[in-house]
Amino acid sequence: MKVRSNAPSLKGRIADAAPERFFWDRTARLGVNDLARGTSFGGRLGELAGRSVIVATSSQLTTALALIELDGVARRLTILPPDTAADHLGPLFACAEADAVVIDAGTLDHPALDLPVRVVCAPAIVPTEEHSLPYVPTEWVLLTSGTSGVPKMAAHSLASLIAPIGAGQSLDGTVVWGTFYDIRRYGGLQIFLRAIVGGASLVLSCAAEPIADHLARLGRSGVTHLSGTPSHWRRALMSPEIKQISPRYVRLSGEIADQAILDSLRATFPEAGIGHAYASTEAGVAFEVDDGRAGFPADFLDHDRDGVELKLVDGALCIRSPRTAGRYLGAQHALRDHDGFVDTGDMVERRGDRYVFAGRRGGIINVGGLKIHPEEIEAVINRHPQVRMSLVRPKQSPVTGAIVIADVVLKADCARAGGEQQQIKNDILQLCRDALPRHKVPAAISIVPVLDVGTTGKLARRYG
Amino acid sequence: MSIKLTIMDLMQRIAREHGKTLAPLRDDLVLLDSGLDSLGFAVLVARLEDTLGIDPFTAAEDAMFPLTLGDFVKVYESAQQRAVA
């Protein structure tokens, strides 16, 4: 299939791909050039034209193929992350006004994916003739890494998604991007788009692939640019296979990068450029910091940088830029304030010439990129008959990232013997395991005599 | 109970809680191959702090990334020696 090389769609952007460029996951390695001239939809792309399409693929490779073909063809693309709860699908489909779904071998039999048009995307490319489908500006809908309840749906355009990608990208086909981050989330999607716009190859991960195998595969691919969350990098640094890779550029995003992880990466990759990006699904990429220090220079707040403006409102970072999402689909509240700023909810504090991140407003805890409201966990703990009150808080650890700790006050008439306390702790943990997903179960319970209650009568929560 | 046995006991318990199967716990076992995932390790470090009263990872100036179970046990043994000294 030929597509005009000046076409604004993703497919148009790979029309003149260098022959050595590839997409590679554990199961298949595909030439970008082949995709430019072929299709992974078995001749059914036309059925998706002008529709609101749910991308419900199980593998990242088929996701990548579907996104490339659907941009500029579908009216709206809603990308489902792999952990989307089955009972959220109905509300999400309704909100997206979805009338078509793209599935792959792994989601073929999913009973909830029953939209009027179902098209299978396969990791095998068949050459096709040029299609004559009209170009439509596709709306890209990403789900926020929600706390509880149905995730919010942030609507981007291809323009807002690729706005952070600098013009200085090498187009010589020698860049090989890798991402630990799933491309169905904003941070991973950025890397996918960087590979396409920047003329690079891309190595994708598979959920079932052991980290050692993934690192070995990255090594074999000659990966030059590699991205992941601080949690991903901590995990990679614990694998002996880290020696297999020698990237020129190491990128962190999706969680706040602390000095310990930056220093560890510097020690492991002394020659590499190391950058940490601040980004969220709603706010887009706000900035990238490449001086190897945690936080960001204070003067970022005073200047418009590449069209991105930052301001603080009651200590919280707010962002206005062409990179933010435009709106939430179907939500009551606005994604931007009346001046166009997105409130990130991330608290920052000035330390000398830097701003450093001081946790989330409202005590929201980020565990491996998943946001947790402490109140939800406290409500479960407080069901235990011997619990008076509880406070769930994050604990930072340079090796493991944030984890959830619960401080618990027992009722006065409860015995205080050590053995009995241990039994109560075990009971509380069991209660949490029965009621909550694994990442929300406290890593440890500590029995405390008292909890601070602020002047508002609310539990005193400290940031981070 | 020795630190090593405490660690191994907690690993078994956390693996059971998380529905994971542990590999045989030998000193040269690569931690990532042990059967615990990163959340499992986060829980392990937190429980060890609860049990032993030390968290050598947070206390350390530089981040340490132990590769094997033997390395991991050593980190705790030397942290406890420092705490006693």
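Okay, let's start with where the two chains meet: chain A puts 25 residues into the contact, and chain B puts in 22. This is a predicted model, by the way, so keep that in mind throughout. On the chain A side, the elements that each supply at least two residues are α7 (211-221), α8 (230-237), α9 (259-268), β26 (403-410) and β27 (444-447). Out of those, α9(A) has the largest share, with four residues. If you sort that side of chain A by class, you get 13 nonpolar residues, seven polar ones and five charged ones.

Now, the domains. Chain A splits into domain 1, residues 10-349, and domain 2, residues 373-447. Going by C-alpha atoms, the centres of these two domains of chain A are 35 Å apart.

So what sits between them? As a bit of background, nonpolar side chains in soluble globular proteins tend to be buried together. Here, the largest nonpolar core has 144 residues, and the ones with the most contacts inside it are Val53(A), Ile54(A) and Val55(A). Which element gives the most to this core? That would be helix α2 of chain B, residues 38-52, with eight residues. And because domain 1 and domain 2 of chain A both give residues to this core, it lies between them.

Leaving out residues up to four places away in sequence, Ile54(A) touches Thr78(A), Leu80(A), Phe93(A), Ala96(A), Ala98(A), Val101(A) and Leu115(A).

Next up, the sheet. Chain A has an open sheet of eight strands, and if you walk across it the order is β2-β1-β12-β11-β13-β14-β15-β16, with mixed pairing. Which strands are at the edges? Those are β2 (29-31) and β16 (284-289) of chain A, each of which pairs on one side only. From one strand to the next, the twist averages 20°.

Strand β15 of chain A, residues 273-280, is joined to β16(A) by five bridges, and the two run antiparallel. If you want one pair to click on, take Ala277(A), whose bridge partner in β16(A) is Glu288(A).

Glu97(A) is in the loop between α4 (89-96) and β6 (100-103) of chain A.

You'll find Asp306(A) in the loop between β17 (296-297) and β18 (309-313) of chain A. With 13 other C-beta atoms within 10 Å, Asp306(A) is partly exposed.

Last stop is Ala163(A), in the loop between α5 (158-162) and β11 (176-179) of chain A. Is Ala163(A) buried or partly exposed? The cut-off for buried is 20 or more C-beta neighbours, and Ala163(A) has 18 inside 10 Å, so Ala163(A) counts as partly exposed. Setting aside residues up to four places away in sequence, Ala163(A) touches Pro322(A) and Arg323(A). How far is Ala163(A) from Val136(A)? They are 27 residues apart in sequence, and 19 Å apart in space, C-alpha to C-alpha.

That's the tour, thanks.

Definitions and conventions
Residues are numbered from 1 along each chain as its sequence is written. Chains are lettered from A and ligands numbered from 1 in the order in which they are written. This is a predicted model: local features need pLDDT of at least 70, side-chain atom pairs count only at pLDDT 80 or more; totals for chains, interfaces and linings use all residues. A nonpolar core is a set of buried Ala, Val, Leu, Ile, Met, Phe, Trp, Tyr and Cys residues joined through C-beta atoms within 7 Å. A residue is buried if 20 or more other C-beta atoms lie within 10 Å of its own, exposed if 12 or fewer, and partly exposed in between; C-beta atoms are placed from the backbone. Domain bounds come from an automatic or database domain assignment. Two residues are in contact if their C-beta atoms, placed from the backbone, lie within 7 Å. Ala, Val, Leu, Ile, Met, Phe, Trp, Tyr, Cys and Pro count as nonpolar, Asp, Glu, Lys and Arg as charged, and the others, Gly among them, as polar. Two strands pair if DSSP finds at least two bridges between them. Axes are lines fitted to C-alpha atoms, for helices over the stretch in contact, and angles run from 0 to 180 degrees between N-to-C directions.
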